[in-house]
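Hi everyone, thanks for making time for this.

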Amino acid sequence: MNQSPYLLSENDRQFLQNIFSDSKKATAAKHMMESFSELMAYYRCAIMEIETKFNVLNEEFSLQYDRNPINGIKSRLKRIESIAQKLSRNEKPLTLDSIEENLNDVAGVRVICSFTHDVYMLADAFLSQDDVTLISKKDYIKDPKANGYRSLHLIVSIPIFLLHEKRSMKVEIQLRTIAMDSWAALEHQLKYKKSAEFTDEMASDLFLCSQLSAELDKRMDNLRKTVNI
Ligand code: 0O2
């Protein structure tokens, strides 16, 4: 998930070059490319801000309670190709303004927590910070998706401070336990395997696995309460 912070990948560059190849003015195409690159850098800065906020919370919690509520953080910047596909699916134009206005998940941060309790504790602490604005929240832990997917999703806006301006950037944050993360990662692999058909039977099996994973989280959280950490 981690990428070079400021540069577009070779794939993204190639994709943009193809899009703008029929542009009459090469300078206009070049300008477009630079602007995309710049916007992606701002999203990357927003990811850094969010990661730092969670790392600080983890550090403070571990000082106080002698354990880490965060098991790991994975971040990703959406590929330009995926951005273009999503905008096209939603019948929106591929422009910088449109990306910022219509997409909430260009920058994504996934926080993998030790216990379910930690998911909510961290979300509350993070959302109470005065520079974080909550745009929307989906609690797929309390209300799992029909296929069994569980996670807490937050779309937030946070400021990034540049040399001469302050900008608000939107970031999608997914908070989940280790068990929720394992299930989601494996489900993704099974579902998108091109060589095999994803059958109804597999979907039912995966749903059963999600229930087992929810039971595991519940028991682990009970153990946490028992040892009072
Ligand atoms: P990626 O590469 O992981 O980011 P949206 O499509 O985002 O505009 P939606 O459908 O309301 O709107 O989004 P939602 O439900 O908040 O979920 C978005 C992201 O959550 C997905 O991003 C996945 O990361 C994750 N997710 C949601 N449902 C599932 C699921 O059933 N299985 C797994 N493994 N992950 C899920 P992307 O864009 O799909 O991909």
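Let's begin at Glu197, which sits in the loop between α6 (178-191) and α7 (200-226). Before I go on, please keep in mind that this is a predicted model. Is Glu197 buried or exposed? Glu197 is exposed, with a relative accessible area of 65%. Together with Asp200, Glu201 and Asp205, Glu197 forms a negative surface patch.

Leu216, Met220 and Leu223 make a nonpolar surface patch of about 280 Å². One of these residues, Leu216, is found in helix α7, and at 43% relative accessibility Leu216 counts as partly exposed.

Glu215 pairs with Arg219, and the closest N and O atoms are 3.0 Å apart. How far apart are the two along the helix? Glu215 and Arg219 are separated by about one helical turn, because they are four residues apart in helix α7. Glu215 is partly exposed, with a relative accessible area of 34%, while Arg219 counts as exposed at 56%.

Now let me step back to the overall picture. The protein chain has seven helices and five strands. Reading from the N terminus, the order is α-α-β-α-α-β-α-β-β-β-α-α. Taken along the principal axes, the C-alpha atoms fill a box of roughly 70 × 50 × 25 Å. Of the 229 residues in the chain, 41% count as buried.

Back to charges. As a reminder, side chains of opposite charge can pair when their charged atoms come close. How many salt bridges does the count come to? The count comes to 13 salt bridges. One that I like involves Asp105 and Lys78, with the closest N and O atoms 3.1 Å apart. Asp105 lies in the loop between α4 and β2 (107-113) and Lys78 in the loop between β1 and α3, so the pair ties together parts that are 27 residues apart in sequence. Both partners are buried, Asp105 as well as Lys78.

Another salt bridge joins the side chains of Arg167 and Glu100, at 2.7 Å from N to O. Here Arg167 belongs to strand β5 (residues 166-177) and Glu100 to helix α4, so this pair ties together parts that are 67 residues apart in sequence. Helix α4 covers residues 96-102, and Glu100 is partly exposed there, with a relative accessible area of 23%. If you want a sense of distance, the C-alpha atoms of Glu100 and Asn90 are separated by 14 Å, and these residues are 10 apart along the chain.

On to the aromatics. A pair of rings is described by the distance of the centres and the angle of the planes. The count here comes to three aromatic pairs. In one of them, the rings of Phe54 and Phe126 have their centres 4.7 Å apart and their planes at 20°. Why is this pair called stacked? Planes under 30 degrees apart count as stacked, so the 20° between Phe54 and Phe126 puts the pair in that class. Phe54 lies in helix α2 (residues 26-65) and Phe126 in helix α5 (residues 116-127), so the pair ties together parts that are 72 residues apart in sequence. Phe54 is buried, at 0% relative accessible area, and Phe126 is buried, also at 0%.

Another aromatic pair is Tyr140 with Tyr149, where the centres are 5.8 Å apart and the planes are at 65°, so the pair is edge-to-face. Tyr140 counts as buried at 14% relative accessibility, and Tyr149 is buried at 11%.

Last stop: the backbone. Most residues other than glycine have a negative phi. Asp66 has a positive phi, near 60°. Asp66 is placed in the loop between α2 and β1 (70-77) and is exposed, with a relative accessible area of 71%. Glu91 also has a positive phi, of about 55°, although it is not a glycine. Its place is the loop between α3 (80-89) and α4, and Glu91 is exposed at 73% relative accessible area.

That's my tour, and I'm happy to take questions.

Terms used. Residues numbered from 1 in each chain as written. Predicted model: local features only at pLDDT ≥ 70, side-chain atom pairs only at ≥ 80, totals over all residues. Heavy atoms only, no water. Patch = residues over 30% accessible without salt bridge, like charges linked within 9 Å, V, L, I, M, F, W, Y side chains within 5 Å. Areas by Shrake-Rupley, 256 points an atom, 1.4 Å probe, with all protein chains shown as cover. Salt bridge = Lys/Arg side-chain N within 4 Å of Asp/Glu carboxyl O. Lys, Arg positive; Asp, Glu negative; His and termini not counted. Charge placed at Lys NZ, Arg CZ, Asp CG, Glu CD. Buried < 20%, exposed > 50% of the residue type's maximum accessible area, 1.4 Å probe, protein only. Phe/Tyr/Trp six-rings, centres within 6.5 Å; stacked < 30°, edge-to-face > 60°.
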